[in-house]
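Please keep the model open beside them as you read.

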Amino acid sequence: MPDDSHARRTAEHLGDCLISYAGLVLARPSTPRFVRFEAVADSAATPSDLLEFITVGGGILGAVLRTAAPAVRAYHPSGHADIEGFAGMGCVEALVHGEDMPRGLGD
């Protein structure tokens, strides 16, 4: 029996990561910490809604990165990153978790 709760949690994690990266670039906290919020999908969200949540997260991150000054650096646990670094991290999240979601649904 497939476990779609794994796919749901993974989708929420991915959407949250993308939106959180945008928040870090915007806020540029003065101390090494994440911005204190979490983006989650509505409990009644369908698989299609979850994909939309991820797409919107990517769009928000893309918009923030396109409008940020080239010299902007923001906190990430791996070290302060520039806008290209956050774009790359967003891509890695999408590639890795894009594979994880269907695996959680079984064959």
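**Notes on the predicted model**

1. Let me begin with the core. The largest nonpolar core has 26 residues, and those touching the most other members are Val25, Ile54, Leu61, Leu65 and Phe86. A nonpolar core here is a set of buried Ala, Val, Leu, Ile, Met, Phe, Trp, Tyr and Cys residues joined through side-chain atoms within 4.5 Å; buried means under 20% relative accessible area, exposed over 50%, and partly exposed in between, with a 1.4 Å probe and protein chains only. The elements giving two or more residues to this core are α1, α2 and α3 (83-103), and α1 supplies the largest share, 8 residues. In soluble globular proteins, nonpolar side chains tend to be buried together.

2. A word on the ground rules. This is a predicted model, in which local features need pLDDT of at least 70 and side-chain atom pairs count only at pLDDT 80 or more, while totals for chains, interfaces and linings use all residues. Residues are numbered from 1 along each chain as its sequence is written, and side-chain values use heavy atoms, with hydrogens and water left out.

3. Now the overall layout. The protein chain has 3 helices and 2 strands, in the order α-α-β-β-α from the N terminus. Helices (H or I, at least four residues) and strands (E, at least two) are DSSP runs, numbered from the N terminus. The C-alpha trace spans about 50 × 25 × 25 Å along its principal axes.

4. Burial and contacts come next. Of the 107 residues of the protein chain, 39% count as buried. Contact means heavy atoms within 4.5 Å. Among contacts between residues at least 6 apart in sequence, 70% join residues at least 24 apart. For a local example, take Val25: leaving out residues up to four places away in sequence, Val25 touches Val64, Leu65, Ala68, Val72, Ala74 and Phe86.

5. Helix α2 deserves a look down its axis. With 21 residues, α2 reaches 31 Å from its first C-alpha to its last, close to the 30 Å expected at 1.5 Å a residue; the expected span is 1.5 Å times one less than the number of residues. The buried residues of α2 are Leu50, Phe53, Ile54, Gly57, Leu61, Gly62, Val64 and Leu65. These buried residues fall within an arc of 170° seen down the axis, so they line one face of the helix; the arc is that of the directions from the helix axis to the C-beta atoms. On the other side of α2, Ser48, Leu51, Glu52, Thr55, Arg66 and Thr67 are exposed. The cover over the buried residues of α2 includes α1 and α3.

6. How many aromatic pairs does a search of the whole structure find? The search finds 2. Rings of Phe, Tyr and Trp (its six-membered ring) pair if their centres lie within 6.5 Å, and planes under 30 degrees apart count as stacked, over 60 as edge-to-face and the rest as tilted. Tyr21 and Phe86 form an edge-to-face pair, 5.6 Å centre to centre with 70° between the planes. Tyr21 lies in helix α1 and Phe86 in helix α3, so this pair ties together parts that are 65 residues apart in sequence. Tyr21 is buried at 6% relative accessible area, and Phe86 is buried at 0%.

7. The other pair joins two loops. The ring centres of Phe34 and Tyr75 are 5.7 Å apart and their planes are at 80°, so the pair is edge-to-face. Phe34 lies in the loop between α1 and α2, and Tyr75 in the loop between β1 (73-74) and β2 (81-82), so the pair ties together parts that are 41 residues apart in sequence. Phe34 is partly exposed at 36% relative accessibility, whereas Tyr75 is buried with a relative accessible area of 14%.

8. His76 lies in the loop between β1 and β2 and is buried, with a relative accessible area of 12%. Setting aside residues up to four places away in sequence, His76 touches Tyr21, Phe86 and Met89. Arg28, in the loop between α1 (4-27) and α2, has a positive phi of about 40° although it is not a glycine. Most residues other than glycine have a negative phi.
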